[in-house]
Amino acid sequence: MDKIALKLPGKTEATEIQLRLEGDRLVIDYDDRSFESRIISQEAGEGILEHDGRLLPYYYCWLKTAGGEKQLQVWVGGCVYTLEPVETGGRRGRGGGGTAAALGDIKAPMPGKVLQIKVAEGDAVVSDQTLVVMESMKMEMTLTAPAAGTVKAIACKPGDMVEMGTVLVKLEAGDKA
Amino acid sequence: MPGKPIKTKTIKKVLIANRGEIAVRITQTLQEMGITVVAVYSDPDAGALHVRKADEAVRLPGETAAETYLQKERLIEICKEHGVDAVHPGYGFLSENADFARLCDKAGIVFIGPKPDVIRDMGDKIIAKTTMEKAGVPVVPGWSGAGIEPDVIRREADRIGYPVLVKAAAGGGGKGMRLVKKPEELEAALEAAAREAQSAFGDARIFLEKYIVRPRHVEFQIFGDEHGNVVHLFERECSIQRRHQKIVEESPSPALTPELRAKMGKAAVKAAQAIGYTNAGTVEFILAPDGSFYFLEVNTRLQVEHPVTEMVTHRDLVRAQLLVAQGEPLPFRQEDLTQEGHAIECRVYAEDPARNFLPSTGKLHHCHPPEGPGIRVDTGVDTGSAVSIHYDPMLAKLVVWGETRQQAIEKARWALDHYAILGVTTNIQFLNAVLGHPVFASGDIHTHFLEENPIRTDMQEIPPEALAVAALASRNGKGNSQAVSAVSGVVVYDGTSPWLTAGKWRAF
C-alpha cells in the first residue's frame with residue numbers, strides 16, 4: 001500500500017490519499033471517499049484506466065522546472081492537471097508552514113529581463129498585487145502576489161537577465177502582523 | 001487547364017524559407033509533385049520535423065529569427081549553391097518582404113507569391129486603402145483634412161455616420177483616440193483628442209473614421225495567375241481573436257447569405273484585379289452587423305488558416321501556387337469552385353491561458369494528435385520536440401470538416417478532447433471551451449467575442465481518474481528513478497495559484 005499526500009482545491013491541509021493495488025484493481029481512499037479504477041494497460045508514462053465503466057487513456061510525465069522543482073503533468077479525459085510533489089518529511093513538518101513555503105517564492109515564469117520591482121522588503125502585500133514587471137519574448141508581464149503576505153526578500157534588481165525559475169521575490173504568506 | 005499547358009518554366013527544386021508546421025505542410029505537396037525540397041534550419045531547429053521531412057537541409061547558424069530565417073542574402077546564396085529553382089516563403093518571416101522577392105527575381109529564382117511591387121504596395125496601409133477606394137472597393141468611411149474647423153468636421157461626421165472614431169494622424173497605441181457616440185459629444189472629443197495628440201506626438205492633426213460596432217472579420221481567399229485570371233475561393237470567418245490574433249477560423253461564415261457572399265467575393269476579385277494580383281492572397285474585410293463591409297487589407301501570402309479553405313473547396317492551394325509560379329494558368333475557374341460542408345480550424349499554442357497566455361517552453365514529452373475521418377492536423381512538432389523562446393509558440397492547427405457547422409463543432413471538440421500534449425502548457429482546453437460556448441454555437445460572433453464572453457477556469461475538484469493517474473505516476477516514479485525517489489506525494493494547487501493550474505476550462 002502507498003500513501004500520498006495531496007492538497008486538494010479549496011483545502012489548506014494536505015489530504016492523505018491511500019492507494020491500494022490489488023491485481024489490476026486500483027483502490028483509492030480519501031476524505032471518506034473511496035473509488036476504484038482498473039488498470040487496463042500500463043507502460044512508461046502512459047496507459048489505460050477503466051473508471052466508472054469508461055475506458056480512459058492517460059499520459060503523464062515528470063517535468064523539472066529550471067528552479068529545480070519537480071512537477072507531474074497528467075493528461076486524462078481531455079484535461080491536463082499539473083501537480084507538484086512535496087517532501088513530507090521536511091517543510092511539511094512545520095505544520096501550516098508547508099503551504100506558506102509553497103506560496104512564498106515568486107519565480108520567473110520565463111527567461112527574460114526584470115524591468116521594475118514594485119515592492120520593497122518588509123512591505124505587506126495583498127492578493128494579486130503587482131510585485132515585479134518582466135519582459136520576455138517582447139512581451140511585458142506582471143508577476144503578482146498569489147495571496148496576501150509580507151515581502152521577505154527581493155532577490156533581483158531592474159535590468160537583471162533571469163532564467164526561468166529564478167526566485168525573484170520571497171513572500172511570507174498568511175497572517176499580516 | 002488540362003489540354004494545353006503554357007509552361008514557361010519548370011520548377012524542380014524548391015527552398016522553403018520557413019520552419020514549423022507551414023514548412024512541413026508545403027513539403028508534402030511539393031514532394032507529391034516530384035519536386036525536391038530544400039529545408040533550412042536554425043540551431044534550435046536542428047532535427048526539427050520540417051528538417052526530417054525535407055529532401056535536403058541547410059543549416060542557418062544562429063538562434064534568433066534575425067540571425068537565421070531572415071537572412072535574405074544567405075538564403076539566395078544557398079539557393080544558388082543547391083541549384084534551387086524557386087523559394088516558397090510560407091507565412092511570416094520573409095513572406096511579405098518585397099526586397100527579398102526582388103532579390104529572388106534578380107537571382108533568377110522564382111519567388112512563389114505575388115510580384116515585389118504588389119507586396120510593397122499592399123504592405124503600405126495608406127496606399128492599399130487609396131488604391132482600393134479608387135478601384136471601387138468599399139473602404140471604412142472616414143475623413144482627413146487640415147485643421148479642426150468644428151463645422152467642417154461636424155458635417156463630415158454626419159456624413160460618415162455615428163459612432164465615429166476621432167484618431168490622431170500621427171497616432172498609435174490609442175493615444176489621441178476618442179469614440180464619439182452622438183453629435184453632442186463631438187466638440188469635446190475633438191478638443192481632447194487634438195490636445196492629447198499634440199502632447200503625445202507634437203502633432204495635433206486628427207482624422208475621423210467610422211466606428212464599426214460588433215464587427216466581424218471576414219476574409220476572402222483570392223488567386224490570380226499571369227494570364228489575367230482571378231478567382232476567389234470563398235470566405236473565412238476569423239472573428240474569434242485574442243489581441244488581434246486569430247485563434248479559431250471557419251468557412252463558410254455563419255454571417256453570409258449567398259447574396260452577400262457573391263457581393264463580397266466580387267469585391268475581393270475586383271481588389272485583386274486592381275493591383276494585378278498573382279498567386280495566392282487574401283482580401284480582408286470588416287463586416288458590420290447590417291451587412292455592409294469594408295476593405296481592411298490584402299495579405300500577400302498563403303495564410304495560416306488556408307486549410308479551412310482547402311477543406312471546403314477540396315483544392316490544394318500550395319499545388320495551385322506552384323502551377324501559377326511556373327507560369328501556368330490557374331487550375332480552376334470560378335465556376336469550378338464550390339464550397340461544401342463546414343470547416344473549422346483551431347490554433348493550438350504552447351501558452352498558458354491561466355497565466356495571461358504566457359508562452360510556455362519546454363520539451364514535448366507526449367504529443368499525440370487526434371486522428372480520424374474529417375480531421376487534419378498541420379503540425380511542426382512531435383514527441384521529443386523542443387518548444388523554444390525563439391519562435392512563434394503555435395504548435396499545430398487542428399482543422400476539421402463536417403457536413404454542417406454543428407457537426408464541425410462536435411468534431412472539433414471531440415478532436416480537442418483527444419489531443420494529448422504534455423511537457424508544455426497548451427490552450428487546447430481553452431479552445432474547447434470557446435467552441436462549447438453557446439454564443440459561439442449560435443454563430444453570432446464578432447471580434448470582441450472573447451472580451452464579452454470571458455472563458456475562465458473552473459475551480460472544480462480534481463477528478464478521481466486524475467488522482468488515480470497521479471498515484472500511479474508517484475508510485476512508479478518512486479520505484480525506478482533516483483531523481484524522484486524523494487517524492488512521497490503530490491500537491492495539487494488550486495486554481496488561484498498563478499503558477500500551477502488544475503482542472504477544466506469552462507465557458508461562463
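## Chain B in outline

Chain B contains 16 helices and 26 strands. The model is a predicted one, and in chain B buried residues account for 50% of the 508 residues. Where contacts in chain B join residues at least 6 apart in sequence, 66% of them link residues at least 24 apart.

Part of chain B is a sheet: 5 strands, in the order E3-E2-E1-E4-E5, form an open sheet with parallel pairing. Strands E3 and E5 of chain B stand at its edges with a single partner strand each, so one side of each is left without a neighbour in the sheet. In general, the strands of a sheet pair through backbone hydrogen bonds, in either a parallel or an antiparallel way. Strand E2 of chain B, residues 36–41, is joined to E3(B) by 4 bridges, and the two run parallel; Val38(B), for instance, has Glu56(B) in E3(B) as its bridge partner.

Helix H4 of chain B spans residues 98–106, and its buried residues are Ala98(B), Phe100(B), Ala101(B), Leu103(B) and Cys104(B). An α-helix has 3.6 residues a turn, so residues three or four places apart point the same way. The cover over the buried residues of H4(B) includes the elements of chain B in this table.

| Element of chain B | Residues |
|---|---|
| Helix H3 | 72–81 |
| Strand E4 | 86–88 |
| Strand E5 | 110–111 |
| Helix H5 | 116–123 |

Strands E4 and E5, listed here as part of that cover, also belong to the open sheet of chain B. Just after H4(B), Gly108(B) adopts a positive phi of about 75°.

Terms used
Residues are numbered from 1 along each chain as its sequence is written. Chains are lettered from A and ligands numbered from 1 in the order in which they are written. This is a predicted model: local features need pLDDT of at least 70, side-chain atom pairs count only at pLDDT 80 or more; totals for chains, interfaces and linings use all residues. A residue is buried if 20 or more other C-beta atoms lie within 10 Å of its own, exposed if 12 or fewer, and partly exposed in between; C-beta atoms are placed from the backbone. Two residues are in contact if their C-beta atoms, placed from the backbone, lie within 7 Å. Two strands pair if DSSP finds at least two bridges between them.
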